[in-house]
Amino acid sequence: MKKLMLLAVLLCGFAFTAEAQVKVYCKIVERPASSKNRVAIDLGSEDGVFNATEVVGKKDKVAKFESGIAALNFMSQNGWQFVQAYVTVAGAVSEDENNIVSGRTSSECHYLMCKEFASVEDAEAELAAKFVRNKQFK
């Protein structure tokens, strides 16, 4: 009986490991003050190969996101889950003797998302099919 129980436990363990999934993360970056390429999706490639400013949308039409929320909605509709959001601010501000503040700053909104895939190959295939790659994000 003990051997039978041990065999059942081992078989269950193998069944769970056979269905292991790969979790992939991406970051949507929105530059609200930018007039061009306001939204990009960083898919984690150091050389920028998987950075996308355009996606393949409905009826295989290439589309740009008009806002970070539009990108969030697109990703959510394609099975990605929201993880976290944060804002970064860069630039310099100074105050003169009359307490007048001047300077220039810029901000970026970052939205982290994730999705589980059956394998790395499946993840790469979906990313290649959905995102227009090698676009500059300026």
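**Terms and the values behind them**

Author: Glu 121 and Ala 129 are exposed, and they lie on the other side of α3 from its buried residues, which are Ala 123, Glu 126 and Leu 127. The model is a predicted one, in which local features need pLDDT of at least 70 and side-chain atom pairs pLDDT 80 or more, while totals for chains, interfaces and linings use all residues. Residues are numbered from 1 along each chain as its sequence is written, and side-chain values use heavy atoms, without hydrogens or water.

Reader: What makes the buried residues of α3 a group on the same side?

Author: Ala 123, Glu 126 and Leu 127 cover an arc of only 100° around the axis, which places them on the same side of α3. The arc is taken over the directions from the helix axis to the C-beta atoms. An α-helix has 3.6 residues a turn, so residues three or four places apart point the same way.

Reader: Which residues of helix α2 are buried, and how do you know that they line one face?

Author: Helix α2, residues 68–77, has Gly 68, Ala 71, Leu 72, Phe 74 and Met 75 as its buried residues. Viewed down the axis of α2, these fall within an arc of 165°, so they line one face of the helix. After α2 comes Gly 79, with a positive phi near 90°.

Reader: Why is Met 75 called buried?

Author: Buried means under 20% relative accessible area, exposed means over 50%, and partly exposed lies in between, with a 1.4 Å probe and protein chains only. Met 75 has 0% relative accessibility, so it counts as buried. By the same rule, 30% of the 138 residues of the protein chain are buried.

Reader: Why does Asn 78 count as buried?

Author: Its relative accessibility is 18%, and the limit is under 20%, so Asn 78 counts as buried. Asn 78 is in the loop between α2 and β6, and leaving aside neighbours within four places in sequence, it is in contact (heavy atoms within 4.5 Å) with Lys 115, Glu 126 and Lys 130.

Reader: How many helices and strands are there in the protein chain, and what makes a run of residues count as one or the other?

Author: The protein chain has three helices and eight strands. Helices are DSSP runs of H or I with at least four residues, strands are runs of E with at least two, and both are numbered from the N terminus. Along the sequence the pattern is α-β-β-β-β-β-α-β-β-α-β.

Reader: How do you know that β1 and β7 pair?

Author: Two strands pair if DSSP finds at least two bridges between them. Strand β1 (residues 22–30) and strand β7 (residues 101–117) have nine bridges, in the antiparallel sense, so they meet that condition. Tyr 25 stands opposite Cys 114 in β7. Glu 30 has Val 39 in β2 as its bridge partner.

Reader: What makes the pair of Trp 80 and Phe 117 edge-to-face?

Author: Rings of Phe, Tyr and Trp (its six-membered ring) pair if their centres lie within 6.5 Å; planes under 30 degrees apart are stacked, those over 60 are edge-to-face, and the rest are tilted. A search of the whole structure finds one aromatic pair. The ring centres of Trp 80 and Phe 117 are 6.1 Å apart and their planes stand at 70°, so the pair is edge-to-face. Trp 80 lies in the loop between α2 and β6 (81–95) and Phe 117 in strand β7, so the pair ties together parts 37 residues apart in sequence. Trp 80 is buried at a relative accessible area of 3%, and Phe 117 is buried at 5%.

Reader: Which residues touch the most other members of the largest nonpolar core, and what is such a core?

Author: A nonpolar core is a set of buried Ala, Val, Leu, Ile, Met, Phe, Trp, Tyr and Cys residues joined through side-chain atoms within 4.5 Å. The largest has 20 residues, of which Ile 28, Ile 41, Met 75, Trp 80 and Phe 131 touch the most other members. Two or more residues come from each of β1, β2, α2, β7 and α3 (120–130). Leaving aside neighbours within four places in sequence, Met 75 is in contact with Cys 26, Ile 28, Ile 41, Trp 80, Met 113 and Phe 131.
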